[in-house]
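I opened this entry to record what I looked up, one item at a time. I began with charged pairs, then turned to strands, a helix and the cores.

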Amino acid sequence: MTAVMKIATATLPNQVQLQCPNAAEALAIYEDCQWYFKHGIKLEPGATVVDVGAHVGIFTSMAAELCQRKMTAYVFEPIPQLASLLTQNMAQLEPVDVQIYNCALGSETGTAEFAFHPETPMLSSAFPDETDREYVDFRETLIRNSSGPDVPERLQALSKIPRFLRGFLLDQTLKKHFRHERLSCPVYRLDQIPSMQSIPRIDLLKINAEKSEEMIFQGLEQLWSVIQQVVVEVHDLDGRLDRLRNHLTSQGFAHVDCDQMDILKGSQVYLLYATRSSAA
């Protein structure tokens, strides 16, 4: 039985209104997206952007505003329920040229089983058997970062709760958000998608794919020469952060930097930023 995903309207701080499953989630994603424009990452009018893991289009809408809506975007979202809202939202960005793909990206063409979280779709991933482990890791990260002198703004309410109660109260909330169902999604290599094969330049490749980032890298080998900037969320599993950092360097990116969002300090989740000399 397919879960029903609620639909709300979120007004982002840039005054763009988007249809989304959860307004609070959309605002949290908007805040996270501010981190993507650090370490020399920038966009100008006329840019071409590839958004992998587009959700309902929050990052793409931000990029469009930075480019004064003079931008071409290729956006990828594997979850059909999100892709439907993405299509509605991107229609509001005219005259931005947006091409939407309801598929996942990886190292090979095929299908993948996803864990779809209807309450909080940003948690959806192509690793449904790892959901229990993800729950524990996320819970521990929130509890750890809700203590100390520099508590992130989003965790300040949690920090005011007595520490011995935080785990109990988090469990009441997180169990709802981590409820999921399995669904099958098509997977393609990015460099085998026809529109990508003739693209002369990609000014920014953004990837947020919940642990699929290394497979996505493997599926864009024919495109590296046209990619000018990269920002990718990396789950540092078995040395992945160093592998992807080294790979970006080997592809000629002069500046490769690493950072971590305040709310995720101490976790295995990082951001990698790569720019070529001409883009920095």
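I looked up Glu214 and found it buried, at 15% relative accessibility. Buried here means under 20% relative accessible area, exposed means over 50%, and partly exposed lies in between, with a 1.4 Å probe and protein chains only. I note that this is a predicted model, where local features need pLDDT of at least 70 and side-chain atom pairs count only at pLDDT 80 or more, while totals for chains, interfaces and linings use all residues. Residues are numbered from 1 along each chain as its sequence is written, and side-chain values use heavy atoms, with hydrogens and water left out.

**Salt bridges of Glu214**

Which residues pair with Glu214? I found a salt bridge to Arg240, with the closest N and O atoms 3.3 Å apart. The term asks for a side-chain nitrogen of Lys or Arg within 4 Å of a carboxyl oxygen of Asp or Glu. Arg240 is buried, as Glu214 is. I then found Arg243 in a salt bridge with Glu214, the closest N and O atoms being 2.8 Å apart. Arg243 lies in helix α9 and Glu214 in helix α8, so this pair ties together parts 29 residues apart in sequence. Helices (H or I, at least four residues) and strands (E, at least two) are DSSP runs, numbered from the N terminus. Arg243 is partly exposed, with a relative accessible area of 36%. Salt bridges that share partners join Glu213, Glu214, Arg240 and Arg243 into one network.

**Another pair**

I counted salt bridges by the same cut-off and got 16. One of them joins Glu31 to Arg154, with 3.4 Å between the closest N and O atoms. Glu31 sits in helix α1 (residues 23-33) and Arg154 in the loop between α4 (131-145) and α5 (156-159), so the pair ties together parts 123 residues apart in sequence. Glu31 is partly exposed at 35% relative accessible area. Arg154 is partly exposed too, at 33%.

**A hairpin**

I checked strands β1 (residues 8-11) and β2 (residues 17-20). They pair in the antiparallel sense over four bridges; pairing requires that DSSP finds at least two bridges between the strands. Ala10 stands opposite Leu18 in β2. Five residues lie between the strands of this hairpin, and Gln15 there takes a positive phi near 75°.

**Helix α6**

How many residues does α6 have? I found 15, covering residues 163-177. From first C-alpha to last, α6 reaches 21 Å, close to the 21 Å expected; the expected span is 1.5 Å times one less than the number of residues. A kink of about 30° is centred on Asp171. The bend is the angle between axes fitted to the seven residues ending at a residue and the seven starting there. Asp171 is also among the buried residues of α6, which include Leu170 and Leu174. What covers these buried residues includes α4 and α5.

**Cores**

I looked for nonpolar cores: sets of buried Ala, Val, Leu, Ile, Met, Phe, Trp, Tyr and Cys residues joined through side-chain atoms within 4.5 Å. The largest has 60 residues, and Ile58 and Met71 have the most contacts inside it. Helix α2 (residues 58-66) gives the most to this core, with five residues. Leaving aside neighbours within four places in sequence, Ile58 is in contact (heavy atoms within 4.5 Å) with residues including Leu12, Leu18 and Tyr30. Apart from this core lies another, of 32 residues, among them Phe76 and Leu272.
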